[in-house]
Amino acid sequence: MKKDADYIYEQVEKHHEWFKKSLPMIASENIISPMARELLISDFHDRYAEGPPGGRYYQGNTFVDKVEIKAQELAKDLFDVEYADVRPISGTNANQAVLMGLGGPGKTITSVDVSDGAHISSAKFGSVGFRGMEPKTYPFNVDEMNIDVEGTKKLLKKEQPDIALFGRSVYLFPPPLKELKETLEDVGCYVWYDAAHVLGLIAGGEFQDPFREGVEVMTGSTHKTLPGPQRGILLSNPRDEEMKQKLFYGVFPGVLSNHHLHTMAALAVSLAEHQEFGKEYAKQIIKNAQALGQALYERDMDVMCEHKGFTRSHTLAVDVQEEGGGETLVEAMEEANMIANKNLMPWDDVNSAQEPSGIRLGTQELTRLGMKETHMEEVAEFIKRIVKDREDPKKVKEDVTEFRNDFQEIHYCYKEGLPAHDRFSFLDKYD
Ligand SMILES: *Cc1c(COP(=O)(O)O)cnc(C)c1O
């Protein structure tokens, strides 16, 4: 009924109003650019395209094909790889495509443990399990917040996996690919890097260069540090034609039918923008994360890895067990218009995912809104007022709102400077 439809509009409007006044710090989110956003309401949304450009199963794809080919070219150029598939509709979907192509019952896979920061799609109770596999997990060095090199070498030699997967959702530091390269080559397994979180940093040349460090296939989400649409990507330097075919058919018909053409067009634009602004953006994200880490640390918060400069990515992990635990604190932060998430720490039991001892903070979206290192001091102070001082969130919220007032525009994109949250304004012309 119409009143229900109106109700939905009202909720979305309220959401926009709220986010205009908030500090978004979820490490897996970002704001899409104005040019990319407009494509989300294009007619591409209403169409189907199955199979590759030029070999579609339906008519009507003349211009869709051109966009998809351009998106592939941009991706290949940005990551300096031979093969790019821009069809996966999410990071998990791209992971499933790799598992469909290269994995399966009876195959062995090694991966990071979920409590050490891996994503659920690489777990037995996620996509890996869906392919009938159970990952053998790498030993983890909590002090370094990274997998343990010697232990991992041993594990790889012992298990002789078909696939070695490297990927995390709490990616403070690059995994030691160079150190493991020789062992991985000896084992001969497929080397797979899940870059979901750090895709934009890699594309900006600011994290590590997985393909030059022995990786053969890389998947990622295109809406985290790469500030594009909600979507995924599959990139590869395939070792042979067989591997390429497995990846190709893993996507379609493996795990996809239509591949959401409107977000594909938005991805193409986002990739073009990242070519131009990505390096500068990635640099600032990391500078901001390190500055936020330092500022929180100076305010007596238990930020992980002080001895390593806190982070080499957009992410910080903070242990808040003493202050009441992740769950309680992210709820109080939300009341003060600071949006973050609770997170498992390496010493937490996976079964305590509802009440973990940490919080995870990301600086990619604050950076996109134009914030620099000095602003991280102020953000740290707001967080401290909630976490340490237990101030009334309502009071903090007023100050957060006022602070955020100066950061309403989107940066590092074409049409830079347009408002980040007046998202319905372009619909006026259709009223
Ligand atoms: C976010 C994430 C994914 C996939 O996320 P989607 O929401 O499906 O795009 C996969 N792997 C890792 C490591 C992630 O952090």
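Buried means under 20% relative accessible area, exposed means over 50%, and partly exposed lies in between (1.4 Å probe, protein chains only). Helices (H or I, at least four residues) and strands (E, at least two) are DSSP runs, numbered from the N terminus.

This is a predicted model, where local features need pLDDT of at least 70, side-chain atom pairs count only at pLDDT 80 or more, and totals for chains, interfaces and linings use all residues. Residues are numbered from 1 along each chain as its sequence is written, and side-chain values use heavy atoms, with hydrogens and water left out.

**Stop 1: strand E12**

Select strand E12, residues 315-319. Five of its five residues are buried, so E12 is largely enclosed by the rest of the structure. Now look at the side chains. Thr315, Ala317 and Asp319 point one way from E12. Leu316 and Val318 point the other way. In a regular strand the side chains alternate between the two faces of the sheet.

**Stop 2: the sheet around E12**

Four strands form an open sheet in the order E11-E12-E15-E14, with antiparallel pairing. Its edge strands are E11 (302-303) and E14 (341-343), each of which pairs on one side only. Two strands count as paired if DSSP finds at least two bridges between them.

Check both neighbours of E12. Two bridges link E11 and E12 in the antiparallel sense. Val303 has Val318 as its bridge partner in E12, and Asp302 has Asp319. On to E15: five bridges pair E12 with E15, again in the antiparallel sense. Thr315 finds its bridge partner in Gly362 of E15.

Next, show helix H10. Which strands does H10 lie across? They are E11, E12 and E15 (358-362), and H10 runs at about 20 degrees to E12. Axes here are lines fitted to C-alpha atoms, for helices over the stretch in contact (heavy atoms within 4.5 Å). Angles run from 0 to 180 degrees between N-to-C directions.

**Stop 3: the seven-stranded sheet**

Move to the other sheet. Seven strands form an open sheet in the order E2-E10-E9-E8-E7-E3-E4, and the pairing is mixed. E2 and E4 (136-137) are the edge strands, each pairing on one side only. Zoom in on E8 (residues 190-194). Three bridges join E8 to E9, and the two run parallel. Asp194 has Thr219 of E9 as its bridge partner.

**Stop 4: helix H3**

Select helix H3, residues 62-79. The expected span of a helix is 1.5 Å times one less than its number of residues.

Color the buried residues of H3: Val64, Asp65, Glu68, Ala71, Gln72, Leu74, Ala75, Leu78 and Phe79. What covers them? The cover includes strand E2 (83-85), helix H8 (199-203), strand E9 (217-221), strand E10 (232-236) and helix H10 (261-298). Step past the end of H3 to Asp80, whose phi is positive, near 50 degrees.

**Stop 5: salt bridges**

Side chains of opposite charge can pair when their charged atoms come close. A salt bridge is a side-chain nitrogen of Lys or Arg within 4 Å of a carboxyl oxygen of Asp or Glu. How many salt bridges are there by this rule? The count comes to 27.

Pick Asp85 and Arg87. Their side chains form a salt bridge at 2.8 Å, N to O. Both residues are buried.

Go to helix H7 (residues 177-187). Glu185 and Lys181 form a salt bridge at 3.6 Å, N to O. They sit four residues apart in H7, so about one helical turn separates them. Glu185 is exposed at 52% relative accessibility, while Lys181 is partly exposed at 30%.

Then try Asp209 and Arg212. The closest N and O atoms of this salt bridge are 3.1 Å apart. Asp209 is partly exposed at 33%, as is Arg212 at 38%. For a network, select Arg299, Glu377, Glu381, Lys384 and Asp389, which are joined by salt bridges that share partners.

**Stop 6**

Select Cys189 and Cys413. Cys189 is buried at 4% relative accessibility, and Cys413 is buried at 2%. The structure holds zero disulfides (pairs of cysteine sulfur atoms within 2.5 Å).

Finish at Asp6, in helix H1 (residues 2-20). Asp6 is partly exposed, at 37%.
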